[in-house]
Amino acid sequence: MQDWRQNKLVFGVLLLPPTAWLVLFFTLPLAIVWVYSFGKRGPLGETLLAFSFDNYLRAIEWINLSILLKSTWIAAVTTALCLLVGFPLAMGIAFSPGKYRNVLLLLVILPFWTNLLIRTYSWIAILRTRGYVNMTLEWLHGKLDALLGLFGAAGALGKFQPLELLYNENAVIVGLVYVHLPFMVLPLYATLEKLDKSYLEASLDLGAGQWRTMFSVMVPLSLPGIATGTLLVFILSLGTFLTPDLLGGPDSIMIGNLIAQQFGQARDWPFGSALSFLLMYATFIFLWLKAVISRREGGVSY
Amino acid sequence: MATTAAAGETAVKSVMRRRKRDRATPLEYGRKGWVQLVMVASFIFLYFPIVALIAFSFNDSKRNITWQGFTLKYYVQAFNNASLHEAFINSMIIASWSTVVSTVLGTMLGLVLHRFQFPGKNAFDSWVHLPIVIPEISLGVAMLAFFARIGMPLGLVTVTVSHIAFSIPFVAVVVRSRMSGFDRSLEEASRDLGANEWQTFWNVTFPYMLPGVVAGALLALTLSLDDFVITFFTSGPGSTTFPVKIYSMVRFSVTPEVNAASTVLIVVTLALTVIAMLIQSRTGKQTVGHG
Amino acid sequence: MTRSASSRFSRRNFLRGAGIAAVGLSFAGTARRGWSQEERKLNVYNWDTYIGEATLSTFTERTGIEVQYDLYANNEELFAKLQTGNPGYDVIFPSDYMVATMIAKNMLMELDHSKIPNMANIDPDPNFSDPPFNPGLKYALPYMWGTIGIGYRKSAVETPTSWAAVLDSSEHSGRIALLADMRAVIGLALKYLGYSMNSTNEEEIAQARDLLIKQKPHIKTFAEDNGQDLLLSGEVDLCMEWNGDIVSAMQEDDDLSYVVPQEGGMVWIDNACIPTGAPHPENAHAFLNFINDPEVNAEIANTIRFATANKAAKEFINPEDLANPAIYPAAETIAKSEALIDVGDFTPVYDRAWTEIQAA
């Protein structure tokens, strides 16, 4: 690595254009939002510059704080589910014979390359009242009823009640897990693949069973991958907007939706700006936590 | 001695493998029953929604609830849909400009971060990676506020500018990661042999960098084509992109035409991805050959 | 030396020629465009399912103007889009109270009536030809009008007689949809509680807000103008919806019906306007004139099943529609219903209440 003074011309030429772009079209917009977050809302929704903490105080009012907390809860459940499903999946791929590994990995990534909107929207047809799940259940119900009819107990099951699977928190979680699973599997796979298998063999040789080996040896050794995957899924789920918008109901509004509303119908840009910054601060806090944890783990970074 | 021992070991192992082919060794988790179950279930989970969506794009039913017969008419409708056309073309225009500019700027950034040490580099490094970690919604509303503040009407330009801004760090990361494997002594050797700065760059550094640049460019292309949230906040009439147009269709009139349009987008993105991978594997092989 | 001289000469020649060509082209361009000719495009921003099947294509055929058609779900969304400057829309369709708001904020262009001869076809009733929110039709032309009531599935629920069925009842929990329209939902909650839909009493609005928050667990979704689709697909059995949308749905499924509850519903008039800063005002005027042509207007009304404000068009409208009380409500229904008016500086109170309802 060169010191910049050794080649100031090249350094300047390479550094200036991208930095200028990012300052102008990234930092400046964020700065404007930051200033707006201290502003006031005019009677018909214009933004008036002011210096007031009202928006932040309003953001931590229970009605809004509860949305942030609910978002955190949904993000946490999503992350846990992704971990639960992703770990065995990553394990299966990492420990597969070499030739299958790339194919399996590709199969996991492929859906990820399709558009987020489409992937989320596709769940509507599955979860709605007359969606694939309910129609299958209805069909099963009918068959079961017919079967019972043979025993003279037709109608014992009563009328079929479709499950309420869409427009609620559960639908949002399903959608989020679906969209973020690859983000969990890939870092886990990367860690598991590089794992020194001799540790596992040693553990088995020493008499620990499969499960004990998995939980006492494999999981702790794959902590960096778990940390990366967990962080990625959690942060992405926390700030999500599209999934609760399409799949959620009146009870599952998340912080991303609340922010979007302020810049749309509600026409309260100062409040939306404050919320937006709170979300960013929350993201940074979690990132910083991760950095602290990984530094304590002995600097195994990803 | 060690080699003969190793050879003997391999021979024994291969014999054992041939005899115990059906029983999985303790570490072959990929062949354990419960893991396989999870894997199969996961893949069904991952693919069923998309497959169902594509399948029902051929459904001859406006409501698209039950299967009523095979038809291509919604694809015809989608192809004749003038606003979908315009959205598609807009997506292409924006993605092209965004890819070109962000690849150039991102490569420059990646090079500078890889090669130079300067005061405040750590802080600069974190700042430059911010667009990657910031929630998209925050970025989207910030761009909206910015363009409103400077009085710039929302259109193709505002969307493209925003796309470039969030793509630059991604390209920089990819290029920098590629360059981390670069052997600087090659550059020094080239200069020792009399080449000047530019010649060294063009003949030594650039060929090595190229796969990283291409990978970064393809990443920028996909990011731009697929982007929804940021485009949603920075587009105006006449500058709707394909994903934003599909969102509007999903919000309002949901017929199999939405499925058809979605399938088209899936096919386009997948095709680009496959091309990306083919290019990468081929250039990767070339560079390996040259060392 | 000869070579460089001749190359300099040819280069100068080339530049001169290019300059002349450029100037000539720009002149030709302005001459062609002039003051009265715009690019042959029109950007229309409208509610969903609110135009005839052939309207846009016929307009393009007759005038050669390409129409870009975008959708919004409620007046506040329309307003939010235009608030920081017109992003390029030429024709918009705000409701009565929103027209008043926009006029107050100078967001609407004064109409040049000489360019809209078909204005004469508009119903001379003062409600349409000289409404209080738009005197003399200076800034907007009435388009369609109607009511908001309850659409329901006859085989699943008994005929709702009161707004309580959707606003204050746990029966059919999870099978109810409301609109995602702030003034409509809060206004009808106020009406149900016995207050005015345009209340500027904070206490009354708080009561309406609390009522809606209490009802929220029973509401499946706040539908953004697709309540009739939810009814048709069996997602809900009761929804607060615009009358024409439900009547259109009834065409596909005769198990559906529409009713205005006993407390009265909301009556509204939507208007076609040209926002300030429209890039194609000439084309916009032509479009406004076009949709007031009696046959064109009737085709729209026959498609979307809403009541038209255009008297001459009634000649071409389906007689069953004219006789349908769901589309053309009886005088007593209108009498007990209320129209929204702009509440001016009190709007933030409504906005705040709505945000709280959504967040709760």
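In the predicted model, D3(A) lies opposite Q117(B), a residue of strand 1 of chain B. The two residues belong to a pairing between chains: strand 1 of chain A, residues 2-3, is joined to strand 1 of chain B by 2 bridges, and the strands run parallel.

The contact between the chains extends beyond this pairing. On one side stand 62 residues of chain B, and on the other 66 residues of chain A. At least two residues of the side of chain B that touches chain A come from each of the following elements of chain B: helix 2 (33-55), helix 4 (82-115), strand 1 (116-117), helix 5 (121-133), helix 6 (136-149), helix 7 (156-179), helix 11 (242-251) and helix 12 (256-290). Helix 2 of chain B gives the largest share, with 12 residues. By residue class, the side of chain B that touches chain A is made up of 47 nonpolar, 10 polar and 5 charged residues.

Chain B itself contains 12 helices and 1 strand. Read from the N terminus, its elements follow the order α-α-α-α-β-α-α-α-α-α-α-α-α. Of the 291 residues in chain B, 41% are buried. Among the contacts in chain B with a separation of 6 or more, 78% are between residues 24 or more positions apart.

Taken together, the strand of chain B takes part in a parallel pairing with strand 1 of chain A, while helix 2 of chain B supplies the largest share of the side that touches chain A.

Notes: Residues are numbered from 1 along each chain as its sequence is written. Chains are lettered from A and ligands numbered from 1 in the order in which they are written. This is a predicted model: local features need pLDDT of at least 70, side-chain atom pairs count only at pLDDT 80 or more; totals for chains, interfaces and linings use all residues. Two residues are in contact if their C-beta atoms, placed from the backbone, lie within 7 Å. Helices (H or I, at least four residues) and strands (E, at least two) are DSSP runs, numbered from the N terminus. Ala, Val, Leu, Ile, Met, Phe, Trp, Tyr, Cys and Pro count as nonpolar, Asp, Glu, Lys and Arg as charged, and the others, Gly among them, as polar. Two strands pair if DSSP finds at least two bridges between them. A residue is buried if 20 or more other C-beta atoms lie within 10 Å of its own, exposed if 12 or fewer, and partly exposed in between; C-beta atoms are placed from the backbone.
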